[in-house]
Amino acid sequence: GKAISVVGGKWKLLILCALHEGTFRFGELKRKVSGITTKMLTQQSRDLEADGLVIREIFLETPPRVEYSLT
C-alpha cells in the first residue's frame, strides 16, 4: 500500500527509526544512520519532508542550524 511506497527503501525506514528517538541535527542524524552517505541522507530526508513525515527546521544563526524531527 501507500505506507510502503512512502517509506520505501531501507534508508527512509532507518531515518524514521532514528528520528523516533528525538530531534537531531544533520550530522547527528548521519551518525545515527550507520553507513548512509551525506548525499543519500539529504535526498531521503527531503523526500520524507515532502511526504509530510519529517519536519526540517532551519534556525537563522551563524552558522545556520538545521534540525530534523518527525511530524
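Let's start at S69: skipping neighbours within four places in sequence, S69 is in contact (heavy atoms within 4.5 Å) with L19, T23, L53, V54 and I55. Keep in mind that this is a predicted model, where local features need pLDDT of at least 70, side-chain atom pairs count only at pLDDT 80 or more, and totals for chains, interfaces and linings use all residues. Residues are numbered from 1 along each chain as its sequence is written, and side-chain values use heavy atoms, with hydrogens and water left out.

S69 sits in strand 3. Its relative accessibility is 15%, so S69 counts as buried (under 20% relative accessible area, with a 1.4 Å probe and protein chains only).

Now step back and look at the whole chain. Its secondary structure comes to four helices and three strands (DSSP runs numbered from the N terminus: H or I for helices, at least four residues; E for strands, at least two). Walk along from the N terminus and the elements run α-α-β-α-α-β-β. The chain has 71 residues, and 30% of them count as buried. If you take contacts between residues at least 6 apart in sequence, 43% of these join residues at least 24 apart.

Leaving out neighbours within four places, V54 is in contact with L16, L19, L48, E49, Y68, S69 and T71.

As for I36, its contacts beyond four places in sequence are W11, I15, K30 and L41.

How do helix 2 and helix 4 meet? Their axes (lines fitted to C-alpha atoms over the stretch in contact, with angles from 0 to 180 degrees between N-to-C directions) come within 10 Å and cross at roughly 75°. The two helices are therefore roughly perpendicular to each other (65 to 115 degrees). On the helix 2 side you'll find W11, K12, I15 and L16, which meet M40, L41, Q44, S45, D47 and L48 of helix 4.

Finally, take a look at the loop between strand 2 (54-59) and strand 3, where P63 is found. The peptide bond from T62 to P63 is cis, with omega near -5°. Moving on into strand 3, you come to R65. Is R65 buried or exposed? R65 is buried, since its relative accessible area is 18%. Not counting residues up to four places away in sequence, R65 touches R25, E57, I58 and F59. The side chains of R65 and E61 are joined by a polar contact of 2.8 Å (a pair of N or O atoms within 3.5 Å, one able to donate a hydrogen and the other to accept it within protein, with residues adjacent in sequence counting only if both atoms are side-chain atoms).

Methods: Buried < 20%, exposed > 50% of the residue type's maximum accessible area, 1.4 Å probe, protein only. Parallel < 35°, antiparallel > 145°, perpendicular 65-115°, else oblique.
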